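This briefing covers strand pairing, selected residues and pockets. The sequence and structure come first.

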Amino acid sequence: MMMTIVNGRVGINDDSPDATLDVQGTSAAAVPTLLVDHGDADVIGVDINLANTTAVGIDVAALNTTQAVMAITASALTEGNALDLFSNASSAAKRSMLRIRNGHASAVSASACEIIGGTGFGLIVRGSQLAA
């Protein structure tokens with residue numbers, strides 16, 4: 001492993017870091033580039049606080065072709081949510097809490113959203129201003 005410090009930037013396996021911390025994994029290593037193993041059950045495992053107002057907060061660009069880009073497994077979940085999106089913004093401007101897009105015209109067999117419920121309700125929609 002190589003570590004470089006250039007202009008206040010730290011590079012791990014990178015001699016010209018492009019960020020404050022730039023970690024470059026290699027296929028030869030055959031291990032994840034980043035592993036967070038958090039053992040404290042009642043404390044947030046990874047806490048990210050962003051001050052971005054006009055730039056994307058977290059950007060993931062992946063070259064996956066047959067596997068999910070991101071997978072969340074919550075097999076011990078009893079009453080919570082595997083994913084919770086929350087906004088308390090007071091602005092009346094038009095916006096969406098979730099936007100799913102597939103932009104390629106040739107992707108005729110792609111589904112924008114697939115919901116598979118083993119038992120119980122597959123989809124529950126609640127809101128004070130539901131369109132007819």
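Where is Asn 7 found? Asn 7 sits in the loop between β1 and β2, strands being DSSP runs (E) of at least two residues, numbered from the N terminus. The model is predicted, so local features need pLDDT of at least 70 and side-chain atom pairs count only at pLDDT 80 or more, while totals for chains, interfaces and linings use all residues. Residues are numbered from 1 along each chain as its sequence is written, and side-chain values use heavy atoms, with hydrogens and water left out.

**Strand pairing**
- Strand β2 (residues 9–12) runs antiparallel to β1, and four bridges join them; two strands pair if DSSP finds at least two bridges between them.
- Val 6 has Arg 9 in β2 as its bridge partner.
- β2 also pairs with strand β3 (residues 21–23), in the parallel sense and over three bridges.
- In β3, Leu 21 stands opposite Val 10.

**Residues with positive phi**
- The hairpin of β1 and β2 has two residues between the strands, and Asn 7 there takes a positive phi near 50 degrees.
- Asn 7 is exposed because its relative accessible area is 76% (buried means under 20%, exposed over 50%, partly exposed in between, with a 1.4 Å probe and protein chains only).
- Ala 30, in the segment after β3, has a positive phi near 55 degrees and is a residue other than glycine.
- Ala 30 counts as exposed because its relative accessible area is 69%.

**Thr 4**
- Thr 4 belongs to strand β1 (residues 3–6).
- Thr 4 counts as buried because its relative accessibility is 15%.
- Leaving aside neighbours within four places in sequence, Thr 4 is in contact (heavy atoms within 4.5 Å) with Arg 9, Val 10, Gly 11, Asp 14 and Asp 15.
- A polar atom of the Thr 4 side chain lies 3.4 Å from the backbone oxygen of Asp 14.

**Pockets**
- A pocket is an open set of points on a 1 Å grid over the protein atoms alone, with protein on both sides within 12 Å along at least five of seven lines; lining residues have an atom within 4 Å of a point.
- The largest pocket is lined by 18 residues, and Met 70, Leu 83, Leu 85, Leu 98 and Ile 100 lie nearest its centre.
- The second largest pocket is lined by 14 residues, with Leu 98, Ile 115, Leu 123, Ile 124 and Val 125 nearest its centre.

Notes: Polar contact = N/O pair within 3.5 Å; in protein donor to acceptor, adjacent residues only side chain to side chain. 1 Å grid on protein atoms, 1.4 Å probe; cavity = no way out; pocket = protein on both sides within 12 Å on 5 of 7 lines; lining within 4 Å.
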